[in-house]
Amino acid sequence: MYILVFIFVCCPNLTAFNETKAYGQIEEPEATETIKKEKIKALALIPFTSKSGIAETKPEEEITTNERFLTVSLYDALIRETGRIKITPLQESEAAYAQIKSEKEFSYYRDIAVSAGKKLNVDAVMTGVISEYREREGSELGVESPASVAFSVQVLDAEDGTILWETYFTETQKSLLENLFEIDKFFKRGGKWITADELAKEGARKAASEFNQYLLTEN
């Protein structure tokens with residue numbers, strides 16, 4: 001069993017290790033990328049989906065609950081972070097996605113998302129795919145297995161489906177002794193082992209913050 005260990009010495013300036021990997025638009029010429037970024041005035045968040053491999057290890061109800069929690073968490077974070085663009089109310093984007101999905105039952109998630117964006121008359125849609133959502137085994141004081149969450153987020157042009165921006169979050173919580181570089185995060189979490197939902201919410205806030213930085217950054 002892992003036990004969290006408090007260290008109250010030095011290291012005040014250690015910066016938390018950034019596990020979220022953002023990918024640049026290296027395929028696009030810089031001028032074109034700027035135009036596309038400036039084009040985003042209205043965005044709709046499409047409900048998260050999960051990789052097919054997860055369905056083989058979890059009940060459908062649990063997968064749906066995880067997807068809904070992460071969708072709501074990211075929506076709330078976007079509302080707080082991205083004041084310069086209009087975010088479609090989540091109920092409207094969920095309804096549009098559900099309708100398109102029922103009409104195009106065998107279409108890919110990404111194609112359905114783009115069609116939903118057109119229906120909602122937005123410039124871009126934000127999609128998310130969960131690749132891991134594992135609950136901790138144990139309590140906040142000690143675990144047999146820590147929580148682990150991984151997901152990708154993409155922003156697609158609602159006109160042609162082009163990827164405008166993307167990021168990836170993955171974290172399996174570690175004890176302080178396993179990773180001293182995350183001492184700031186350790187104390188921010190109260191020195192506890194957090195749940196998968198708490199970890200997912202942190203990831204959602206991080207993704208929204210990075211997207212806002214992308215919108216604000218001048219090329």
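Where is Asp 123 found?

1. Asp 123 sits in the loop between helix 5 (109–120) and strand 6 (124–134); helices (H or I, at least four residues) and strands (E, at least two) are DSSP runs, numbered from the N terminus. Before going further: this is a predicted model, where local features need pLDDT of at least 70, side-chain atom pairs count only at pLDDT 80 or more, and totals for chains, interfaces and linings use all residues. Residues are numbered from 1 along each chain as its sequence is written, and side-chain values use heavy atoms, with hydrogens and water left out.

2. With a relative accessible area of 23%, Asp 123 is partly exposed, meaning between buried (under 20%) and exposed (over 50%), using a 1.4 Å probe and protein chains only.

3. Leaving out residues up to four places away in sequence, Asp 123 touches Lys 39, Ile 40, Lys 41, Ala 42, Leu 156, Asp 157 and Ala 158 (contact is heavy atoms within 4.5 Å). Asp 123 and Ala 44 are 79 residues apart in sequence, yet their C-alpha atoms are 8.4 Å apart in space.

4. Zooming out, the chain has seven helices and 10 strands. Of its 219 residues, 45% count as buried. Among contacts between residues at least 6 apart in sequence, 72% join residues at least 24 apart.

5. Over in helix 7 (residues 196–216) you'll find Arg 205, which counts as partly exposed at 39% relative accessibility.
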